[in-house]
Amino acid sequence: MKVPTATTTANKNPNTGAPTKTWSVSRRDDSSKDKRPGPQSSAPKTPRPKKKIAVLGGGITGLTTAHYLARYGGPDVHVTLYEASEHLGGWIDSVRVPAGSGGGDGEVLLQRGPRMLRSGAKSHRYDDLVLYDVIASLNLQSSMRHPVGPSSSRYIFYPDHLVKLPSPADLTSPSGLLSTIQGVTNEPLFDGCFGAGLNLFTKTGSFSGLMPWRVDDRLESSLRKQQERWFGTGKGNNGDESVGAFLTRLFGGDDRPVRNLVSAVLHGIYGGDAWRLSAKHTILDRLWYQAAAPRPKDQVWMPRKDWFLLFELMDGGGPINANADAIVAMAERAVDGGWSLLAFEDGLVTLVRALVKDLQTRANVEVRTGTKADGLVAVDDGVVVKSSSKTAAAGCQPAQRETQYDHVISTLFSKDLAELAQPAGTLPSLAETHAVTIMVVNLWYPGQDLLAHNHGFGYLVPSSTPDNDEGTLGVLFDSDLDPTDPAANPNPTTTSESKPQPHPAGTKLTVMLGGHHWDGWRHFPTEEAGIAMARAAVHKHLGIDPDPAVNPVEARAKLCRDCLPQHFVGHRGRMAAAHEELAHAFKGRLSVAGPSYTTVGVIPAMRAGWEAALKVVRPGRAALWSAPVVGGSTQKDGDRRMVLASGKKITDGMLVSWMKWWGRRLFPTLPDENVMLSVNPVARDGGGAVTEEVQKNKTTTAAEHKEVQQPPLNLQRHTGLEEFAEPEISTMIPVLKSDLYFRSWTNSYRRLKTDDNNHDGDDDDDVGGSHENQRHAVVGQEVKVIEDGKVWKGPSTKEVCRVVPPRNVNTI
């Protein structure tokens, strides 16, 4: 076997223009069997026509989709972005008002939508890496801010006063601990919580997998038994149940914690009803999967495709991603710095503006604001977008246009898309979806501190709170959360991330009204009515006198119609049906992305945009992580087969070849047999036909390699909803939490270093042990690849970032 050697070449970062290095590894010379003479042609090649792609919707999902289409597609694609309004960024919006008397000089920024993001340091998904990749591409690292202040203090209004929720900081002192105990025992808000918690951790039913002394029996259960538990008919709609039903079951039948606490949290995130939202499509997804298919407490269920996201962003589908170092630095800094919130000087407006500017400077992108999509018609070789422009002269009809595209990606609300698809009734499953409407009201009281002893993040209002006539969901204390805002201080003295500029003196609040409280309303409050309702709510909750003579206020209101899609019980089944409807009607020419379909939130929306773009302009790459799924059992002995999106079954030999191809991309320094041990948990853990096939086939023929490198893609089935049509258990994988990268619980040997992001500790300790047959650890200025006691060296992570897959703790 030939020992690999590293070579470096100088290139330029396509985003910054700065010189970078890439490296390649030469392995044993197997190229001779792939080199075959072929016909040579001297005729000039005809330029390939550009692929025309339309993106519907200029919100954060649409902007991110267009960004990646332009980046990944390059000159071979032309992207047209449609936005019905003149505003890009969707619900990310802000307005400035004068600081006013007593507020000092400058202006005050009023955020009318999402204004900060959470780091992924405690997440079991890798959505945050897409955010970091976009930030690196737009060179926004120096603009990142982490809101400071008493944000750990959070409250719930119940039944007629604010109740402070326990926080880790309260447990660090005797007085804080005593105050917490008194609050939990005396406040009606916490009624039933003790018994619910006791039930949760002593229950011997479906959730006993959390208890370490009960895990061994559960680990012996077969895949079939796990699937039966997962999709049992006794727990909801096809293995689904509402948040309220799920937690009430775990709490032993006591629904008070759900009504008093959980409903408040869901109001703040989704504006939704705990008794209608699907548990596995909310922030409780990890808990739901753990309860449905128990794992030890040191393991977690995560989507299989998230590992491919990690590989793709680090490896770039071949060449090292130019942003890999920046992604690593930001992700590791979130862990080392311990920050949980991220924003920019003006909330998230900086991010939106940078995305828009990036698109406007690209020759292969056209942005059409004030242009509404009126209809979508499938044709033989594409989709016709019927649109109307608001730029027509006064008194004239809007300009009508019909444009044909090779592919259309819709990031619109799913019900709106159903209305666009022609003929009417083409997408009935999407027509059944629902979203809530929220009124966002900003209140600025200049020169006054009206929060008294209640400084903090803000408060939420549960469904059980009486006399909530305004339909209040919650209130944010923006004046305690403001990141650096240059308009607040015309003469800034510092731009440090850790030292935000002071904002004008005063109290700034954001009141959220509506949500599921307003479901069924045909007419919503005007902005004036919304402001009056918000002032009445803070008077009731905070004692702020609504009389403008007593408390002068600058107020703004914005009605956000259908802004938060609701994933009700049965969401997965509806999306599976919608996949079939889209595939039948548009033959893979129309795909969807955004919170109507996948997780709600800014970062998940950006991840959805990345995924949608990748599937269109890099279908071969996307197929490696989106096409193979585990089919249903075809024999009583639990025979498992992999199938592609085309419906073609993958034999064990094809599976081995595919894994070897994947492994070569991830581990170019390893021989084939060790690649298989690293990539294939079935082979590593023993058992199964795949293991036997590995032993038979130590090498991959050129024909197999070609077949796997270009898997049979049935693009007529591409809708963006393919994963919902797969068996649910095949889309998830149980892994050790410590095997995840960039997380607060990540093992030390999986922590990555760059020149800008160093960690303390003995390097030898980081790479010691025998957890893996092969793994990578960064030591000083080089990467050590440790495999069976042999150390191969490569350049530092300034040139390369490689990752290794998790240990699959259970073959499924």
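**Stop one: a helix pair**

Begin with Glu 611, which counts as buried at 8% relative accessibility, where buried means under 20% relative accessible area, exposed over 50% and partly exposed in between, with a 1.4 Å probe and protein chains only. The model is a predicted one, in which local features need pLDDT of at least 70 and side-chain atom pairs count only at pLDDT 80 or more, while totals for chains, interfaces and linings use all residues. Residues are numbered from 1 along each chain as its sequence is written, and side-chain values use heavy atoms, with hydrogens and water left out.

Glu 611 belongs to helix 17; helices (H or I, at least four residues) and strands (E, at least two) are DSSP runs numbered from the N terminus. Select Thr 64 as well: its C-alpha atom is separated by 9.8 Å from that of Glu 611, although the two are 547 residues apart along the chain.

Now extend the selection to helix 1 (residues 60–73) and helix 17 (residues 602–617), which pack at an angle of about 35° with their axes 8 Å apart; axes are lines fitted to C-alpha atoms, for helices over the stretch in contact, and angles run from 0 to 180 degrees between N-to-C directions. Among the residues that meet here are Thr 64, Tyr 68 and Tyr 72 in helix 1, and Ala 605, Gly 609 and Trp 610 in helix 17, contact meaning heavy atoms within 4.5 Å.

For a distance to check, the C-alpha atoms of Val 79 and Ala 54, 25 residues apart along the chain, are separated by 5.7 Å.

**Stop three: a buried asparagine**

Select Asn 260, placed in helix 8 (residues 256–269) and buried, with a relative accessible area of 2%. Which residues is Asn 260 in contact with, leaving aside its neighbours within four places in sequence? They are Ile 156, Tyr 158, Pro 188, Leu 189, Pro 462 and Ser 464.

Finish at Ile 181, which lies in helix 3 (residues 174–186) and is partly exposed, with a relative accessible area of 45%.
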